[in-house]
Amino acid sequence: MTRNDSELLVFEGPGHEGLQIPKGTVEGSERLDSALLREVHEESGLHPRGAPTRLASDVWMRRNHPPRYYVRHFYHVSVDEPRDAWTHTVTGTGEEAGVEFTYSWVPIDAAADFALDLDDYVPLLRDRL
């Protein structure tokens, strides 16, 4: 998620392994773009403008015991958000419901080393903006 095509939304929260970008899980037969919009709102309270743009998909392995594989889909959406930083309590019914995340913006050109290898496609996002 970007603001002004130059800043990337990041967050920190309890029990997380460092700086992250918003992410989520598809529920049942939910469409990917619908899941993205729902997760963005539940996790950050934001409402993206325009349709999501697909960047890439991959299979990623989390190397804990036992290893677990995730199919990840990376999308881009833009928001008009005047706040530079805020705390949001996660809504919805997932395991993170009620948890507080602290959000801020980082310049896309400086974005690197996110937890869970979530920065894998930041260069692709940079190229598309």
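Me: Which residues form one aromatic cluster?

Reply: Please keep in mind that this is a predicted model. The aromatic cluster is formed by F11, W86, F101, Y103 and W105.

Me: How many aromatic pairs are there by the ring-centre rule?

Reply: The count comes to seven aromatic pairs. One of them joins F11 and F101, which is stacked because the ring centres are 4.4 Å apart and the planes lie at 25 degrees, under the 30 degrees required.

Me: Where in the chain do those two sit?

Reply: F11 is in strand β2 (residues 7-12) and F101 is in strand β6 (residues 100-107). The two are 90 residues apart, and the pair thus links distant parts of the chain.

Me: Is F11 buried or exposed?

Reply: F11 is buried, with a relative accessible area of 1%.

Me: How does Y121 count in terms of relative accessibility?

Reply: Y121 counts as partly exposed, because its 22% relative accessibility falls between the cut-offs of 20% and 50%. F74 counts as buried, at 9%.

Me: Changing topic to charges. How many salt bridges does a search of the whole structure find?

Reply: The search finds twelve salt bridges. Side chains of opposite charge can pair when their charged atoms come close. One example is the salt bridge between R38 and E27, at 3.5 Å from N to O.

Me: Which parts of the chain does that pair link?

Reply: R38 is in helix α1 (residues 32-44), and E27 is in the loop between β2 and α1. They are eleven residues apart.

Me: Is R38 buried or exposed?

Reply: R38 is buried, because its relative accessible area of 18% is under the 20% cut-off. E27, at 43% relative accessibility, counts as partly exposed.

Me: What about E39, which meets R38 in a salt bridge? At what distance do they meet, N to O?

Reply: The side chains of R38 and E39 meet at 3.1 Å, N to O. E39 is buried, as is R38. Salt bridges with shared partners also join these two to E27, E30 and E42 in one network.

Me: And R31 with D33: what is the N to O distance in that salt bridge?

Reply: The distance is 2.6 Å. R31 counts as exposed, at 55% relative accessibility, while D33 counts as partly exposed, at 23%.

Me: On to the surface. Which residues form a nonpolar patch there?

Reply: The patch consists of V59, Y69 and V71, and together they have about 360 Å² of accessible area. Y69 is located in strand β4 and is exposed, with a relative accessible area of 57%.

Me: I would also like to check G92. Where is it found?

Reply: G92 is in the loop between β5 (85-89) and β6. This residue counts as partly exposed, at 39% relative accessibility. Leaving aside neighbours within four places in sequence, G92 is in contact with E42 and A97. The C-alpha atoms of G92 and S44 are separated by 11 Å, and these residues are 48 apart along the chain.

Me: Which residues is M1 in contact with, leaving aside neighbours within four places in sequence?

Reply: The contacts of M1 are E7, L8, L9, P22, V40, S44, L46, V77, V79 and W105. W105 is also one of the residues in the aromatic cluster discussed above. As for S57, 56 residues from M1 along the chain, the C-alpha atoms of the two are separated by 16 Å.

Terms used: Residues numbered from 1 in each chain as written. Predicted model: local features only at pLDDT ≥ 70, side-chain atom pairs only at ≥ 80, totals over all residues. Heavy atoms only, no water. Phe/Tyr/Trp six-rings, centres within 6.5 Å; stacked < 30°, edge-to-face > 60°. Helix = DSSP H or I, 4+ residues; strand = E, 2+ residues; numbered from the N terminus. Buried < 20%, exposed > 50% of the residue type's maximum accessible area, 1.4 Å probe, protein only. Salt bridge = Lys/Arg side-chain N within 4 Å of Asp/Glu carboxyl O. Patch = residues over 30% accessible without salt bridge, like charges linked within 9 Å, V, L, I, M, F, W, Y side chains within 5 Å. Areas by Shrake-Rupley, 256 points an atom, 1.4 Å probe, with all protein chains shown as cover. Contact = heavy atoms within 4.5 Å.
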